[in-house]
Amino acid sequence: MKLLLLISLFILSLHGQNVLVINSNSNIIKYNEAVEEFSKTFPSPFKTLDITDKSSKEIKKALYDEYPDVVYAIGAKAYQYAHEYIPEKEIYFSSIIDWKRLPTVPKQYGVSNELHSGMQLILIKTLFSDVKTIGVPYSHYTQNTLNDLIKNAKEIGIEIKAIKVDEAFDPHSLNNLLQECDTMMIIADPLVVKNNSVIEYVFASAKINKKPIIAYHELFIQYGAALVISADHPTIGRQIAAMIVDPDKTENIQYPAGTNIIVNKKEAKKIGIKFSPDILSTATEIIE
Amino acid sequence: MFRKIVWLSVPVTMLANPFNATLEDEVSWLKDETFVISASKVQESIKKTSASVTIIDEDMIDKMGANTLLDVLRVVPGLGVSQSNVYVDKISVRGIETWFSEKVLILLDGHSLNSDLLNGGASNTYANFPVEQIKRVEIIRGPASALYGENAFTALINIITKEAQDVNGVQISTKVGSYNTAIANLLVGKTYENFDIAANINYRDSDGYSAYVANDAIGNSGHTSPTSKRLNTNLSLKHNNGFYLKANYNNTEDGPRYGIAHALNNEDKAKREAYFIELGHQYKINDNYTLDSRVYHDSFIADNRWEIYPEGFPTGAYTDGMLAISGYTNKKSGIETLLTVKKENYTVVSGLSYETQRLKDPIYKANYIPSSGAPLGALQDFSDPSTNFVSEANRKFWAAYSELLYDPREDLRLTVGIRYDHYNDFGGVFNPRLGAAWEVNEHNTLKLMYGEAFRAPTFAELYNKNNPALVGNPDLNPETVQTFEMSLHNNSIENLEASLNLFHSTIDDIISVLGTTYTNRGTMTTRGIEAELKQHLHRGSYITANYTYQQPKNDDTRKIAENISRHEGYVALNYRINTVFNLYTDAKYIGKQTRSTADTRVPVESSITSNATLLAKDLFLKDVQMKFSIYNLFDEKSYDSNAPYDYPQAGRSYMAELSYKF
């Protein structure tokens, strides 16, 4: 009974808050998933603003007209507009690559797109004990992600060898890196993952060099990724809903709560990389 | 807890399609994440630009009730706007003011509007440029010749017009207001599959503020009659293959102000017709190299009728008054190519340009003998080269320039630029530019800047003749300026942006009249402070303020320049009342204005002029905007300091606007 009362009081307190969900682009599946899961979980009414085809002027007017107490900005575009025009409000974000690259607001909350790099590295070390050096191609979009990786890798005795790419990125430039490292890690970077031919080339080179590739998304399994450590994106929408409902009990910026770990045993065997027997208890999926 | 998936028996090709689709989704998301809003791009650019930049965007222009470019410029620190005795308004920068504002370069989407080659400057034609098509105005105070060449001397004003996607439809607006002012504007923007089109037509007709003068140069009293008519059309076409076409046509006709000899009259009429057409192409060689090329042609035709003195003056022999008709045509044609190389931590912009300038068909009629001023009884034609007021002239120049923007660290940008211009009439001139912009920490940016610039002598300064008071000098050299600036930008207080800028400029080889002849002589120094504050309140409401202290001094006479105020200030409140109404109020402070040492009159006292604009959007009908402005709200009596008498400024006046977008 007490619990019901508490929940009712809580929902009543949320009624005072005007929540606006801004979807950067309704053609992007990842953004839509976040909206969908948020709406399934969030206990109060909220409004949605789809800014896919809206001009800056229209978005500005909509934000000033709506003037929400709380904003859930899905994607970098939504976040930047919220930051630009209503920075004084509580802004929650998700689905943003390397969120630290964007300007901050005083009341900033969110779920990072990237998993905790320390957790990923420990997992890699646990599963592939022979891995001592990891090659990471990155760009200016993911500088902070790389910095976190380097910092955490040092603590567990792994060396990160990074190569910075730009708009004119030629995948051939990764050959040396593949030869120098025990494995290569593909992170969510718009200049690295820019099209199918780049990805095909990188994986083909990795096979020739007999180096496993660790990736951030399940889709890379089909190309031959040996290990995928990915965030469960629908979970993120639910996580944000929980953060808005109870902001006092959470960290301002959280890592994704749900993680998928897929081990491509078949590919690892082909390459000849040793993997730990702990694999059965750690992986959420194993490809034989 | 794990699922074991056996895919061994499934051919990879069967899986390829769904996975490829997923990669496409992933790439789409990643691309979407690279988005940067244009406002931030501009802010980031300002932060790193080695220049003192102020940007006024369309939103502020709309809300403040501005009608012309000059209304926009009056709110910029370091800039001032004042009347002259003839059809042209003057733009002063950091206390430096000239009749035709020829030390200021005005650009329209990067195209120079300084097409009056006789007098220099663009303010006589484009000061009343309509605001309806403006997306933003970028004002760079200080020299910019290292990139833009001649006339980017004390300031550069770049008018950026709305593109097709900014308009995305049709907008019709009409304005009516005091002094029988009527303005009509049609703005169109449409994006098609392969090309974008943006066009604007604006017509303005006004009787103007009729100022009362108690005692003019000949002892008469009366009112001015500064009527003005203007037609401006602008066209921008962009094809997705990189080609673009820009064109602008401007036709103005202005009536009498205080008179060329400060004698009130009702006959002065100044007609100017100007147009330009520019064809360009942007070729993206690859992600790092872009080649921009353009060719252009500009035309400017002036047709002036002057009543120098009214009937019976300066002597009784002038029964119809002392009359003159003057006219001329200017043509400019040019070509420019520019290569931009963008690498990880540096950008190099290098360009070559070539331009021909021509002054032709000068017309001169007068009812007096030009060289002596003796009366003739009726207008006679003096357009023969031996008696004309100016010689026909040609000028050619070529220029080569390069600028490096180098970011040795994420928080530091170094700028090094140099431009060489070679003119067939006065030779070559180098103009360097150096700057460093350092983000000291998250909240502070420090800039150090040095730049040089030049102003080419105008055709009037070179080739005026048969004039008893103003004779050209073909041996003139360009004026030059060296400017040091230091600025600090701070945003450590929530929602407050503050900046402080210190400047020191030295102008050498100033072109002025010695006796009756234009001569390079003297040096002038101007130094001062510009401070700006902007406090964002909520929901688009804000307070903005700026203050300028300027001290332009003639180094030879050690005297402060005349007719300027050392202190100027501006404060504005934009209050977004609700989803429909917005109120913008502002006040401009002009300090006590200086007089020349020979002028014993009491200086013009300080004044505060306030404006208010109430805007209503979607009130009765969706996409209909109504606006009502009151200028000089408290009917403050203020003057532009001048000799032999001060020019009164307009009292309280009104403007109402109705616009509809579909």
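**Entry 1. Two helices of chain A**

I began with a pair of helices and recorded that helix 3 of chain A and helix 4 of chain A cross in a right-handed manner. I noted the convention: a crossing is left-handed if the near helix is turned anticlockwise from the far one by less than a right angle, and right-handed if clockwise. The model is predicted, so I kept its limits in mind: local features need pLDDT of at least 70, side-chain atom pairs count only at pLDDT 80 or more, and totals for chains, interfaces and linings use all residues. Residues are numbered from 1 along each chain as its sequence is written, while chains are lettered from A and ligands numbered from 1 in the order in which they are written.

I then looked up the geometry of the pair. Helix 3 (residues 56–66) of chain A packs against helix 4 of chain A at an angle of about 65 degrees, and their axes are 10 Å apart. The axes are lines fitted to C-alpha atoms, for helices over the stretch in contact, and angles run from 0 to 180 degrees between N-to-C directions. I took helices (H or I, at least four residues) and strands (E, at least two) as DSSP runs numbered from the N terminus.

Which residues make the contact between these helices? From helix 3 of chain A they are A:Ile59, A:Lys60, A:Leu63 and A:Tyr64, and from helix 4 of chain A they are A:Tyr81, A:Ala82 and A:Tyr85. Two residues are in contact if their C-beta atoms, placed from the backbone, lie within 7 Å. By class I listed six nonpolar, no polar and one charged residues in this contact. In this scheme Ala, Val, Leu, Ile, Met, Phe, Trp, Tyr, Cys and Pro count as nonpolar, Asp, Glu, Lys and Arg as charged, and the others, Gly among them, as polar.

I also checked how covered helix 4 is. Helix 4 (residues 76–85) of chain A has nine of its ten residues buried, including A:Tyr81, A:Ala82 and A:Tyr85. A residue is buried if 20 or more other C-beta atoms lie within 10 Å of its own, exposed if 12 or fewer, and partly exposed in between, with C-beta atoms placed from the backbone.

**Entry 2. Chain A as a whole**

I recorded eleven helices and 13 strands in chain A. Its radius of gyration is 21 Å, close to the 19 Å that the globule rule gives for 288 residues, so chain A is as compact as a globular protein of that length. The radius is taken over C-alpha atoms, and the rule is 2.2 Å times the number of residues to the power 0.38. Along the principal axes, the C-alpha atoms of chain A fill a box of roughly 60 × 50 × 30 Å. Buried residues make up 44% of the 288 residues in chain A.

Chain A is divided into domain 1 (2–96) and domain 2 (117–231 + 260–287), with bounds from an automatic or database domain assignment. Taken over C-alpha atoms, the centres of these domains are 34 Å apart.

**Entry 3. Where chain B touches chain A**

I found 42 residues of chain B in contact with 42 residues of chain A. On the chain B side, strand 1 (3–5), helix 1 (12–32) and helix 2 (38–48) each supply at least two residues. Helix 1 of chain B gives the most, with 15 residues. That side of chain B has 16 nonpolar, 14 polar and twelve charged residues.

**Entry 4. Backbone details in chain B**

I noted for background that most residues other than glycine have a negative phi, and most peptide bonds are trans.

- A cis peptide bond joins B:Phe313 and B:Pro314, with omega about -5 degrees; B:Pro314 sits in the loop between strand 17 (289–309) and strand 18 (322–342) of chain B.
- The bond from B:Ala643 to B:Pro644 is also cis, with omega near 5 degrees.
- B:Asn466 has a positive phi of about 50 degrees and counts as partly exposed, because it has 18 C-beta neighbours inside 10 Å.
- B:Asn632 has a phi near 50 degrees and counts as buried, because it has 20 such neighbours.

**Entry 5. One residue of strand 25**

Is B:Val481 buried or exposed? B:Val481 lies in strand 25 of chain B and is buried, because it has 25 C-beta neighbours inside 10 Å. Leaving aside neighbours within four places in sequence, its contacts include B:Pro143, B:Phe153 and B:Ile507.
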